[in-house]
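Me: Could you walk me through how some of the helices pack here, and what sits around the ligand?

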Amino acid sequence: MIHSRIAGTGSYLPAKVLTNADLEQIVETSDDWIQSRTGIRQRHIAADDELGSDLALHASKAAIAAAGIDAADIGLIIVATTTPDMIFPSTACALQAKLGVAGCPAFDVQAVCSGFVYALATADLYVRAGHCKHALVVGAEVYSRILDWTDRGTCVLFGDGAGAVVLSAAEEPGILGARLHADGAHLGILSVPGQVRNGVVTGSPFVTMEGNAVFRFAVRVLADVVDELLPACNLTRADIDWLIPHQANVRIIEATAKRLGMPMDKVVVTVGMHGNTSAASIPLALDCAVRDGRIQRGHRVILAGVGGGFTWGAVVVRW
Ligand code: UT7
């Protein structure tokens, strides 16, 4: 029987750092408000000439090196992104070209902030079905491009970045289970509603959000999906060494941990340094915790995402 396990992780943050003090110069806000309501201290912003696929390339190279393989060994590329380089072709195809490999399937997943969890669960099915030996799974975002920099309710929350993993065929299970959900009835509470029609954008091309509704929904479904998935994997909350939730707001993360009865020292939190990087937030946090040594071989890690759609889901990984 073929299993899949994460063989390597990587991440990349653009060089430019935008602090809360910098934002005080752009909109009527304060470091105190942003930190106390969100936990965010700074976020990274891509350079004008940097595309999501460029961020993805840096993260992917690091993950490929950590896995000890060559780019040519990759048999599947999935990029989770809400901010693709262009309408089409996919960012995954652009990444494939930048990696200098050709032939393997490459496609994007659009599940907003749940995108990486969706992509990882999908890649797991491909690998376990024997379709490829090594899958490259990436979350990459340039949210700075879809923010209204005059709207203090949204522009302070997001950042740019990318995270990647190589998921490889293995004899021992690494991905222990996954659950994905969506409910399109909540389309309107978090969206970029603009459409391209006949050469013009109609409707807003910026992130619009009912913050309070998103907050409540996120806390409920993140905890629910963890509690749904663990028994399906014959695990309990006590078996989990690390919870890596989507990094949107430290208050959402704390409320989720509280609902799950998990102490915060078992939760990986990077939102303070990265802001909300949407589909990139979970693989960025994962790579941080792997590289700083918190996540050790044998640990059980649960990745839990939630985002526009609404979409949500979780994956349990044995390291
Ligand atoms: O990946 C999912 C993406 N989205 C999210 O995760 C967002 C989820 N929601 C949240 O994180 C929170 O709802 C927010 C951080 C967006 C807002 O926090 P809140 O505690 O729910 O604040 P609020 O929306 O109730 O606003 C409180 C006040 C308002 O002023 P008034 O009406 O009380 O006078 C806002 O106008 O804070 C004001 N406000 C700000 N003040 C300073 C909103 N944004 C800002 C700001 N700086 N940046």
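Predicted model: local features only at pLDDT ≥ 70, side-chain atom pairs only at ≥ 80, totals over all residues.

Me: How is H3 oriented relative to H4: roughly parallel, roughly perpendicular or oblique?

Reply: Helix H3 covers residues 52–67 and helix H4 residues 91–99, and their axes lie 9 Å apart. The two pack at an angle of about 55°. Angles from 65 to 115 degrees would count as roughly perpendicular and those under 35 as roughly parallel. H3 is therefore, relative to H4, oblique.

Me: How many charged residues are in the contact of H3 with H4?

Reply: On the H3 side, the residues include Asp-54 and Lys-61, while H4 brings Lys-98 among others. By class, the contact of H3 with H4 has 6 nonpolar and 4 polar residues, and the number of charged ones is 3.

Me: Is the crossing of H7 and H8 left-handed or right-handed?

Reply: Helix H7 (residues 211–232) and helix H8 (residues 250–259) have axes that come within 9 Å and cross at roughly 40°. Phe-215 and Leu-222 are among the H7 residues that meet H8, where Ile-252 and Ala-255 are included in the contact. The crossing of this pair, H7 and H8, is right-handed.

Me: What distance separates a side-chain N or O atom of Asn-212 from an oxygen atom of the ligand?

Reply: Of the 23 residues around the ligand, Asn-212 is one of those that come nearest, along with Thr-29, Arg-37, Asn-249 and Asn-276. For Trp-33, a polar side-chain atom lies 3.1 Å from a ligand oxygen, and for His-246 the value is 2.9 Å. For Asn-212, the distance is 2.5 Å.

Notes. Residues numbered from 1 in each chain as written. Heavy atoms only, no water. Axes fitted to C-alpha atoms, helices over the stretch in contact; angles between N-to-C directions. Helix = DSSP H or I, 4+ residues; strand = E, 2+ residues; numbered from the N terminus. Parallel < 35°, antiparallel > 145°, perpendicular 65-115°, else oblique. Contact = heavy atoms within 4.5 Å. Nonpolar A, V, L, I, M, F, W, Y, C, P; charged D, E, K, R; others polar. Near = heavy atom within 4 Å. Polar contact = N/O pair within 3.5 Å; in protein donor to acceptor, adjacent residues only side chain to side chain. Left-handed = near helix turned anticlockwise from the far one by under 90°.
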